[in-house]
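Please look over these notes with the model open beside you. They cover a few side chains, ring by ring and contact by contact.

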Amino acid sequence: MIDGTSDKHDEFGPFGRPLFDDPSARALSRVGVIDVGSNSVRMVVFDGAARSPAYFFNEKVMCGLGRDFAETGRLHVEGRDRALRAMKRFAALARGMGADPIVTVATAAMREAEDGPEFRDLVERETGLPMWVIDGQEEARLSAQGVLLGWPGAEGLVCDIGGSSMELAQISGGRVGKRVTSALGPLRLQGIGGGKKQVKAEIKSVLEDLVKEVGTRHKRLFLVGGSWRAIAKIDMVRRGYPLHVLHEYRMTPKAIYETLAHIEARDQQTLRAETGIGETRMALVPLASLVLRQLVRALKPREIAISSYGIREGLLYEQMPQRLRDRDPLIESCRFQEQKDARLPGFGRALYHFIAPLFKGERESQMRIIRAACLLHDVSWRAHPDYRHEACFDNATRANLGGLTHSERVFLGLSLLHRYKNSRQGTRFEDIITILDENQIAQAEILGRAMRFGAMFSAETPNTLGKLRWFPKKRHLELHLSDTAQDLFGEVAQSRFGSLVSALAATSEVKRVRPETILVEPARHQGA
């Protein structure tokens with residue numbers, strides 16, 4: 001394609017050859033998980049061909065199996081009926097969509113209720129779905145694996161809160177370490193007598209024992225579970241945070257304390273109206289808030305991050321071969337999108353090599369985002385031209401992409417916006433863009449205009465011969481073109497090159513060079 005500059009590792013660079021066409025990866029397509037929790041029953045069907053989970057189907061029913069468990073020791077009667085109806089529906093849907101295998105996993109309420117075995121047998125008879133009732137240690141392991149699915153290099157402590165239990169698990173070096181479980185789920189805490197004072201005392205006592213096992217001052221505390229996500233949503237609204245994506249949303253201990261005080265000072269109806277949180281979920285927030293306050297106080301994490309990935313994603317991770325686990329979830333997902341939706345699958349790799357000279361010296365973590373942008377640069381081409389820049393921004397910032405911080409999401413979205421539109425003024429994204437600093441905004445614009453020019457320069461001829469040379473100290477950009485490429489550098493391409501030069505605040509020169517001075521990349525490859 002444009003420029004065949006090779007990576008230091010192999011033909012496909014540090015991310016290796018794409019795996020989504022490999023049989024071991026394709027085998028993960030239409031993998032289904034039914035999660036029978038103390039508060040909800042949910043079925044997710046993954047299109048797991050790429051390293052990041054794509055949700056083919058996702059439905060939740062708030063059943064409340066664990067409601068009143070502390071008083072009765074049994075599953076809630078109405079909850080049983082609702083759960084069985086949901087499971088019958090899920091079994092029929094799974095068969096209809098060819099989800100195979102379908103794994104059914106049950107947690108605290110089912111493993112501890114007196115009538116848990118009886119209900120499991122009933123579900124299996126009525127639906128034909130074997131139910132795997134896991135203990136707290138296994139629940140902690142699977143939740144931690146879900147976090148690793150989204151963050152392969154994650155370091156810290158995972159805390160998964162359900163209706164009837166709360167688990168902690170250490171993660172480091174891509175592995176799950178020590179795990180502990182407790183009865184600190186809000187449904188369980190509802191059964192403690194003596195009012196709020198006694199509940200706080202119980203939480204503090206239990207956490208003192210847990211902390212002895214898992215330690216304190218972890219780099220990051222990853223929060224998994226619906227109650228944590230509800231609190232994070234309230235934090236977003238309180239702060240006026242512009243990007244409403246819970247996954248990878250980060251909070252400081254100070255912000256957590258402020259939000260918990262905010263929750264305590266307001267009534268539930270007002271909070272629900274402000275956030276859209278359901279009544280059943282909101283009812284558990286006050287007790288979950290008591291747990292979180294003591295959790296942060298006892299663990300002293302540097303930072304708190306919300307993970308939308310948990311047990312269900314952990315089960316998908318369980319079925320991945322190690323070589324797929326080792327891949328970058330962002331890059332693999334972007335490759336998959338390019339292969340599925342781009343006009344010229346594989347062109348993103350060539351585009352990356354063409355524009356890479358503009359970013360010499362950038363850290364590898366930033367080059368990774370630039371790679372992702374090049375892979376996604378053309379996947380929204382079917383959108384109406386007047387709204388293509390918006391579709392690109394939405395695709396990057398709101399899509400279920402793993403391995404991205406919020407600032408990286410917005411950087412990716414802004415660069416793709418500028419791939420199709422020079423100006424961002426007047427767009428509906430101006431408040432979201434404030435997540436970035438001025439330097440990041442400028443870099444995203446340069447990347448977008450570089451992709452806009454590069455795509456124009458070689459849209460119909462993948463073997464075009466040309467390359468960029470950037471001299472940052474002189475603020476000077478050279479475009480080297482062979483004789484073959486001269487006709488491609490027409491009026492529109494010249495205009496877009498000028499736009500790139502303007503974003504760089506540079507001088508420029510276009511040079512005619514011998515073909516042998518420009519490396520040629522093969523016409524079509526998957527990946528970047």
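1. Tyr55 has 28% relative accessibility, so Tyr55 counts as partly exposed. The buried range ends under 20% and the exposed range starts over 50%. The model is predicted, so please read every value here as computed from it.

2. Phe46 is another matter. Its relative accessibility is 0%, and Phe46 therefore counts as buried.

3. These two residues form a ring pair. The centres of Phe46 and Tyr55 are 5.4 Å apart and the planes meet at 50°, so the pair is tilted.

4. Phe354 belongs to helix H16 (residues 347-355) and Phe453 to helix H21 (residues 438-457), so the pair ties together parts that lie 99 residues apart in sequence. Both Phe354 and Phe453 are buried.

5. Last, Thr427. This residue is in the loop between helix H19 (406-420) and helix H20 (430-433). Is Thr427 buried or exposed? Its relative accessible area is 9%, so Thr427 is buried. The Thr427 side chain reaches the backbone oxygen of Arg424 at 2.9 Å. Leaving aside residues up to four places away in sequence, Thr427 touches His389 and Leu417.

Notes:
Residues are numbered from 1 along each chain as its sequence is written. This is a predicted model: local features need pLDDT of at least 70, side-chain atom pairs count only at pLDDT 80 or more; totals for chains, interfaces and linings use all residues. Side-chain values use heavy atoms; hydrogens and water are left out. Rings of Phe, Tyr and Trp (its six-membered ring) pair if their centres lie within 6.5 Å; planes under 30 degrees apart count as stacked, over 60 as edge-to-face and the rest as tilted. Buried means under 20% relative accessible area, exposed over 50%, partly exposed in between (1.4 Å probe, protein chains only). Helices (H or I, at least four residues) and strands (E, at least two) are DSSP runs, numbered from the N terminus. A polar contact is a pair of N or O atoms within 3.5 Å; within protein, one must be able to donate a hydrogen and the other to accept it, and residues adjacent in sequence count only if both atoms are side-chain atoms. Contact means heavy atoms within 4.5 Å.
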